[in-house]
Amino acid sequence: MPKAKFISVVVSPAYGRCQCTVRWTVTPEMQGAQYRVYKAMDGASFDLMTALPITETAWVDMDFVVSNRVQLPAYRLLAVLPDGTEVESPITIPFAYGSRIDYGVAQNIIRTKYLQATIDGIPMLHYPSTRGGELSPNIDPDTGVREDASCPDESDAGGYYASMYQRPYLTWVRLIKNGSVKMQASDEGVGYKDSLETLAELLVWPPTRSGDLFIDISNDNRYIVGDDVRADMVKGVYPISYSAMLNLQHRNMPAYNVELPDNLDEMLRVFRRASTEYRI
């Protein structure tokens with residue numbers, strides 16, 4: 001029996017008008033479906049954008065704001081069929097118009113990079129850094145000044161928000177070059193400390209941003225993504241992966257206050273099974 005699914009989802013931006021159009025095509029089995037549109041400004045936390053379900057196969061975002069040229073808002077759709085069945089779309093980011101061949105080339109390269117990562121990559125937990133949410137109880141909401149000048153505690157690890165990181169997910173990370181040790185002035189202004197940096201290739205989705213935390217679950221090494229995050233592109237338009245420097249944290253750094261998920265074993269089981277099925 002044919003399966004109800006999304007065939008394609010395209011986000012066409014109009015930067016000058018600060019808006020974009022989300023269009024999608026579906027299989028005939030989706031007839032009569034009602035759609036909900038979700039949007040994530042940080043690439044991870046999706047908010048419902050349509051107060052009421054829509055029946056058309058297009059929706060215009062009138063509040064399309066782009067913070068930079070590399071990382072863009074992401075969209076996903078949820079279709080509810082007449083019998084109550086829910087169907088999710090792939091997550092999509094805005095692209096200028098491209099041909100079907102261009103999309104196919106980018107898709108094949110992304111698939112190849114994912115397969116390569118499952119062979120010589122390392123499974124890591126990716127904690128996207130928080131860029132919003134509930135303020136830390138140690139922060140004055142009016143001035144934004146930290147009221148507690150003591151050492152960072154486990155409640156916020158010294159950050160501005162109550163939680164420095166969002167919910168983690170498992171991903172594959174390819175460490176491209178051995179870490180290089182650099183000496184830099186200590187934060188206390190007394191003496192120097194060593195900094196170990198490793199060049200890594202990261203999957204295109206979910207996107208990687210400066211300040212994100214990666215945890216190697218095999219040895220509990222914890223890395224913070226450096227300032228320079230570069231999108232590897234096809235034809236200068238389609239991102240296919242990210243390259244970034246991962247900074248290995250000292251064992252006494254706040255990154256080691258972050259707890260591992262309670263269901264990590266189950267996450268690993270599902271993650272490895274999905275990776276194996278994809279290779280097959």
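The questions below look at aromatic rings, and at a charge set over them, in a predicted model.

Residues are numbered from 1 along each chain as its sequence is written. In this predicted model local features need pLDDT of at least 70 and side-chain atom pairs count only at pLDDT 80 or more, while totals for chains, interfaces and linings use all residues, and side-chain values use heavy atoms, with hydrogens and water left out.

Q: How many aromatic pairs does the count come to?
A: Rings of Phe, Tyr and Trp (its six-membered ring) pair if their centres lie within 6.5 Å, and planes under 30 degrees apart count as stacked, over 60 as edge-to-face and the rest as tilted. By this rule the count comes to four.

Q: Why is the pair of Tyr127 and Tyr165 given its class?
A: A pair of aromatic rings is described by the distance of the centres and the angle of the planes. The centres of Tyr127 and Tyr165 are 6.2 Å apart and their planes stand at 70°, so the pair is edge-to-face.

Q: Are Tyr127 and Tyr165 buried or exposed?
A: Buried means under 20% relative accessible area, exposed over 50%, and partly exposed in between (1.4 Å probe, protein chains only). By that rule, both Tyr127 and Tyr165 are buried.

Q: Which residue lies over the face of Tyr38?
A: A charge sits over a ring if NZ of Lys or CZ of Arg is within 6 Å of the ring centre and within 35 degrees of the ring normal. A residue at 5.2 Å from the ring centre of Phe46 lies over that face, and this is Arg76. Over the face of Tyr38, at 4.4 Å from the ring centre, lies Arg76.
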